[in-house]
Amino acid sequence: MPTGREEIWRFTPVQEFAPILAEKPTRASLEWDIRAPEAVTVHELTQADLRDLAETPQDRMSAAAAANSANPSGRITIPANAQLDDPIDIDLTGTGSAEPVYQNVVVEIGSCAKVTLVVRYRGSANLGENWTFRIADGAEATIVFVHEWDDDAVHGAQIAFELGRDTTVRTAQASFGGKALRISQTASFQGPGADLSQLGVYFADAEQHIEHRLFVDHNSPRTKSRVDFRGCLQGAGAHTVWVGDVLIRPVAEGIDTYESNKNLVLTEGCRADAVPNLEIQTGNIVGAGHSASTGRFDAEQLFYLESRGIDEEEARRLVVHGFFTDIVRRIGVEEISTELMNRIEEELLETLGASTQPAVADKPSEG
């Protein structure tokens with residue numbers, strides 16, 4: 001049981017995740033609604049198959065989910081060469097039960113397939129889960145997770161991506177609702193030529209904890225990865241955590257990687273922790289870098305807008321829109337992009353309508 005003093009738990013409010021850390025036997029489950037093209041098969045995953053196909057658990061929450069055999073696990077298979085015009089939509093709804101919910105899902109994407117998969121979380125639950133995406137050679141995949149939990153939900157997840165040779169994979173995390181979220185995301189390469197883009201947007205309100213941890217393991221040559229997460233914070237006690245780890249192994253020659261995190265603080269009393277890490281074990285690379293920044297509104301941007309007749313409140317709204325628009329657009333799913341911008345607008349109406357306005361600070365620097 002973690003105490004909060006361990007390195008991987010030191011930013012996490014361990015007490016908030018106690019329901020799923022306790023590893024209590026349970027048969028509670030989420031309500032599943034899957035809408036998928038006919039070529040996609042969905043069936044139950046046995047414990048034996050789970051051990052063979054799923055990623056090894058990396059912390060106590062993922063181990064608890066993997067060990068819980070009371071609930072069936074899911075296996076989603078997209079056949080080789082499938083070109084799916086319509087996305088696979090998975091809606092997961094918590095029923096409000098105080099019992100913990102554990103689940104495990106393995107998604108297998110066949111070689112040269114093209115697929116978009118969208119997972120949405122709603123309702124209330126104490127959820128611990130594992131997702132493993134096994135993406136075969138030459139496949140092209142866009143995978144999006146949207147967290148729109150109720151205010152009392154607690155969610156801990158391990159999401160692993162295994163990329164085959166010459167794959168093109170874009171992932172996105174959009175975190176808005178919930179009381180406490182901790183999403184650990186890993187990626188590894190099963191062959192050269194893979195191109196990985198990992199995007200994320202989050203908006204933390206008062207007393208809300210949103211944590212994203214990423215680990216990219218460049219264990220094959222001539223691979224590429226880009227990580228770009230951006231978040232806003234508002235309200236006393238709002239706390240966000242972003243930890244990005246990239247490991248370039250000796251065998252990973254000719255790779256290209258960059259990770260970035262930006263945080264915009266809208267009100268007093270917020271805290272944003274950002275920790276980029278980069279470990280390079282070979283000098284024969286195309287490029288590697290990282291950056292992280294946290295700051296308030298850019299004084300120059302606001303002055304520019306206000307000098308052109310835009311009032312202060314509208315100027316602030318436009319700055320936040322600009323902060324998120326680029327990354328939301330790059331998700332590449334029009335329906336999701338529109339949905340996320342609408343949700344961001346709702347958050348802004350709550351913030352900018354408040355009587356207390358934050359002070360303007362200089363533009364945050366990157367390092």
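Me: Is R182 buried or exposed in this predicted model?
Reply: Happy to start there. R182 sits in strand 9, and its relative accessible area is 2%. The cut-off for burial is under 20%, so R182 counts as buried.

Me: Which side chain does R182 join through a polar contact of 3.2 Å?
Reply: Let's look at its surroundings. Leaving aside neighbours within four places in sequence, R182 is in contact with residues including W9, D59, M61, H155, E211 and R213. The polar contact of 3.2 Å runs from the side chain of R182 to that of E211.

Me: Where do the buried residues of helix 3 lie around its axis?
Reply: Helix 3 covers residues 60-67, and M61, S62, A64 and A65 are buried there. Viewed down the axis, these buried residues fall within an arc of 160°, so they line one face of the helix. Their cover includes helix 1, strand 4, strand 5, strand 7 and strand 9.

Me: What is the phi of N81, and what is that of D166?
Reply: Most residues other than glycine have a negative phi. N81 is exposed, at 53% relative accessible area, in the loop between strand 3 and strand 4. D166 is partly exposed at 47%, in the loop between strand 7 and strand 8. Neither is a glycine, yet phi is positive in both: about 70° for N81 and about 60° for D166.

Key. Residues are numbered from 1 along each chain as its sequence is written. This is a predicted model: local features need pLDDT of at least 70, side-chain atom pairs count only at pLDDT 80 or more; totals for chains, interfaces and linings use all residues. Side-chain values use heavy atoms; hydrogens and water are left out. Buried means under 20% relative accessible area, exposed over 50%, partly exposed in between (1.4 Å probe, protein chains only). Helices (H or I, at least four residues) and strands (E, at least two) are DSSP runs, numbered from the N terminus. The arc is that of the directions from the helix axis to the C-beta atoms. Contact means heavy atoms within 4.5 Å. A polar contact is a pair of N or O atoms within 3.5 Å; within protein, one must be able to donate a hydrogen and the other to accept it, and residues adjacent in sequence count only if both atoms are side-chain atoms.
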